[in-house]
Amino acid sequence: MGLNEHPAHVPIVLKNATCPYCGVALHRQNRAKEHVIGRRFVPKGKLAGEWNLILYACKKCNGEKADLEDDISAITMQPDAWGEHAVDDPVLIAEAGRKGASSKSRRTRKPVKESTEQLSVDMPFGPSVKMTFGLHSAPQIDPHRAFRLAQLQTQGFFYWLTFNKASGKGGYWPGSFFPVSTSVRSDWGNATDRAFMNAVLDWEVRLLGVAAKGFFKVAIRRHPNAICWSWAYEWNHSLRVIGYFGDQGEAQILVDALLEAAWKVIPQGQNEILRYREEVRLADTDDKLFAQPSTQASS
């Protein structure tokens, strides 16, 4: 099932009997209404009249997901280190300011707007000469939190894709969840993300979704010959998160085949190094992460 089989402006509502995230049986006392695309995860009002997946989750999982969404949404709405937002949208800009002040970064324990990060780098310029540079970055997301949110969103969508109305239950994938990388908009053209995009493009589409007027994108595809799926998200036009789930052996082969981005190393003192690489932008004409497979697009 793909999103193109469901009206883009109509929410999908499930009356499910088990939590899509942990599998516990649900009843009135332990359940809460759950929006897989959190209403506050995207700028205010962007989900109005748009597609979403609404179901029940246990209160514990619902609370965990809401906590993850809080600072991740605020951070992905912030301008970059040069003060530019991902898109020139007045609602996004207003929400970035509001959430930046009210949401606390779980990485710095400070309000998101105060969580810009500084890094001092020593660059050698000869046997006895070095220069020190100060680097400034926008607020950063804890990658473990980003991967966990992506896992929960993927579990919600997979539960819907395998949902049985008679039993009121959806399925849970076999195997494990395998995150690959997170990347900011200015680096969507890096070697790892490109290799992933090209590797999975012609897999069977299980879900291609664009919601919240483009502020949320999801792609879930199935491997043609193995019990393995790929997943990809774009949050608030700002951050992409990619990976696989399913059979561990097959997923490991796929991860090992991805090209590693070219890292450079700067010595920072005794037993200390700094790894860095240049960001690589992705041209719109080369962006296929959320596109239909070429075999389907030509049919």
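Which residues have the most contacts inside the largest nonpolar core? They are Phe157, Trp160, Phe216, Trp231 and Trp235, in a core of 53 residues. A nonpolar core is a set of buried Ala, Val, Leu, Ile, Met, Phe, Trp, Tyr and Cys residues joined through side-chain atoms within 4.5 Å. This is a predicted model, in which local features need pLDDT of at least 70 and side-chain atom pairs count only at pLDDT 80 or more, while totals for chains, interfaces and linings use all residues. Residues are numbered from 1 along each chain as its sequence is written, and side-chain values use heavy atoms, with hydrogens and water left out.

**The chain as a whole**

- Six helices and twelve strands make up the list of elements in the chain; helices (H or I, at least four residues) and strands (E, at least two) are DSSP runs, numbered from the N terminus.
- The chain has 299 residues, and 47% of them count as buried. Buried means under 20% relative accessible area, exposed over 50%, and partly exposed in between (1.4 Å probe, protein chains only).
- Among contacts with a separation of 6 or more, 65% join residues 24 or more positions apart; contact means heavy atoms within 4.5 Å.

- Another core, of 19 residues, lies apart from it and includes Met197, Val200, Val205 and Tyr244.
- Beyond its neighbours within four places in sequence, Phe216 is in contact with several residues, including Ile37, Phe41, Phe157, Tyr233 and Trp235.

**Cavity and pocket**

- The search of the whole structure finds one cavity of 30 Å³ or more. On a 1 Å grid over the protein atoms alone, a cavity is a set of points where a 1.4 Å probe fits but cannot get out, and a pocket is an open set with protein on both sides within 12 Å along at least five of seven lines; lining residues have an atom within 4 Å of a point.
- The largest cavity holds about 40 Å³ of space; a volume is the space filled by probe spheres set on the points, which are joined across faces, edges and corners.
- Trp188, Asp193, Met197, Arg240, Ile242, Leu282 and Leu289 line the largest cavity.
- The second largest pocket contains about 310 Å³ of space. It is lined by 16 residues, of which Gly38, Arg39, Arg40, Ala66 and Glu69 are the closest to its centre.
- Helix α1 supplies the largest share of the lining of this second largest pocket, five residues.

**Two residues in detail**

- Thr76 is in helix α1 and counts as buried because its relative accessibility is 3%.
- Not counting residues up to four places away in sequence, Thr76 touches Ile141, Trp235, Asn236, Ser238 and Leu239.
- His85 sits in the loop between α1 and α2 and counts as partly exposed because its relative accessibility is 22%.
- Although 153 residues separate His85 and Ser238 in sequence, they are 8.4 Å apart in space, C-alpha to C-alpha.
- Leaving out residues up to four places away in sequence, His85 touches Met77, Gln78, Pro79, Leu92, Ile93 and Ala96.
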